[in-house]
Amino acid sequence: MTAAAQQSTERRNPRLVTLPALPGLGGLYARGVASSGRITVGRSAVGRALPGDREVVLPDVVHRVADVPTAGLTGRLTDYQRLLGERVDDTLPAGYLHVLAFPLATSVMVRGDFPLPLLGMVHLANSASVHLPVRLGDVLDVRACAQDLRPHRRGAQVDLVTEVAVGGELAYRGVSTYLAKGFRLPSEGTPPPPGAQDAPREEFTPPVPTARWDLGGGIGRAYAAVSGDRNPIHMSALGAKAFGFPRTIAHGMYTAARALAEVGAARGDAYDWTVDFAAPVLLPGTVQVAITRVPDDGAHPGAFAYAGWNGRTGKRNFTGTVTPR
């Protein structure tokens, strides 16, 4: 996580935009299609900044929804817990808190002054901290903002930050890092020749697996039903092919949250959770998974590392950590 992303949204002194309720993702995606088209028309398709481009800046706003009830979420939470393999109880795990706050973060990305196109955005990484357990019946204050727009070798990346408070106390904070491929920031100067910006691939040696996930072709639709995230790349082969994938792909947050669930109660009530996505999981497909304890270095006692990879090719899909606080 970058230093900018570590700053609380409360410290940036942005303009507060209060929404009456958490928005629905369906309407937000429709707005995202329109805004993506507008941004694409304004910039070249090969990622070169057009002559005369001004500085690209993020909207200095925080979107907020106050008094979000959770008492009526029992059925949705139970469906989520059963699908992901979480213990069925009244505690909202970090993966579900991400799901709950995701529409508010998306509402920031479809603003007219958000400079990156929502369509085709790639989820690179996620980090989250649960400071206090959130339980059914709690009334939440949910906030979201965009921070730290910066270059990436394949385009531009940005952090979407969400916070959930209970009774005025921060309970959860998540940072999702996204890549807008081919979008070059004007300050970067002349783009490098093709291939020159490709970084060497990180070596990955698969560990001894502790689990194997056999994921059917419908797992994207199943996760969409509990999360509300009906991005076409997860729903059908036709939708996935429109964005360059050979067939439907699993939600990245499904795979990360399932690994979090496999750590289980050992993570405690307060914990940090990270994931880095390397390659999409094609559906149907099989994922080899390893959950291992990190050697105790005194600073992170009881930490876990996890990894998921293609057992046939050895290609890494994701890696991450779960660390009790």
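The residues lining the largest cavity divide into five nonpolar, four polar and no charged. Here Ala, Val, Leu, Ile, Met, Phe, Trp, Tyr, Cys and Pro count as nonpolar, Asp, Glu, Lys and Arg as charged, and the others, Gly among them, as polar. The model is predicted: local features need pLDDT of at least 70, side-chain atom pairs count only at pLDDT 80 or more, and totals for chains, interfaces and linings use all residues. Residues are numbered from 1 along each chain as its sequence is written, and side-chain values use heavy atoms, with hydrogens and water left out.

A cavity is a set of points, on a 1 Å grid over the protein atoms alone, where a 1.4 Å probe fits but cannot get out; lining residues have an atom within 4 Å of a point. One cavity of 30 Å³ or more is counted by this rule. The largest cavity holds about 60 Å³ of space. Its volume is the space filled by probe spheres set on the grid points, which are joined across faces, edges and corners. The lining consists of His98, Ala101, Phe102, Ala105, Leu160, Thr162, Gly174, Val175 and Ser176. At least two lining residues come from each of helix H4 (94-109), strand E5 (155-166) and strand E6 (169-181). H4 gives the largest share, four residues. Helices (H or I, at least four residues) and strands (E, at least two) are DSSP runs, numbered from the N terminus.

Leu104 also belongs to helix H4. Leu104 counts as buried because its relative accessibility is 0%. Buried means under 20% relative accessible area, exposed over 50%, and partly exposed in between (1.4 Å probe, protein chains only). The C-alpha atoms of Leu104 and Ala21 lie 9.3 Å apart, although 83 residues separate the two along the chain.

Eleven strands form an open sheet with mixed pairing. Their order is E1-E2-E4-E5-E6-E3-E8-E11-E10-E9-E7. Strand E1 (15-18) and strand E7 (211-215) stand at the edges with a single partner strand each, so one side of each has no neighbour in the sheet. From one strand to the next, the twist averages 20°. Axes for such angles are lines fitted to C-alpha atoms, and angles run from 0 to 180 degrees between N-to-C directions. Two strands pair if DSSP finds at least two bridges between them. Strand E3 (residues 122-130) pairs with E6 in the antiparallel sense over eight bridges. Ala128 has Gly174 of E6 as its bridge partner. Gly174 is also one of the residues lining the largest cavity.

Asp67, in strand E2 (residues 61-69), has a positive phi near 55° and is not glycine. Asp67 counts as exposed because its relative accessibility is 61%. Asp148 lies in strand E4 (residues 139-152). Its phi is also positive, about 60°, although Asp148 is not a glycine. At 21% relative accessibility, Asp148 counts as partly exposed.

Helix H8 (residues 252-263) has twelve residues. H8 reaches 17 Å from its first C-alpha to its last, close to the 16 Å expected at 1.5 Å a residue. The expected span is 1.5 Å times one less than the number of residues. H8 is mostly covered, with ten of its twelve residues buried. Among them are Met253, Tyr254, Arg258, Leu260 and Val263.

The peptide bond from Leu283 to Pro284 is cis, with omega near -10°. Pro284 sits in the loop between strand E8 (271-277) and strand E9 (285-293).

Methods:
1 Å grid on protein atoms, 1.4 Å probe; cavity = no way out; pocket = protein on both sides within 12 Å on 5 of 7 lines; lining within 4 Å.
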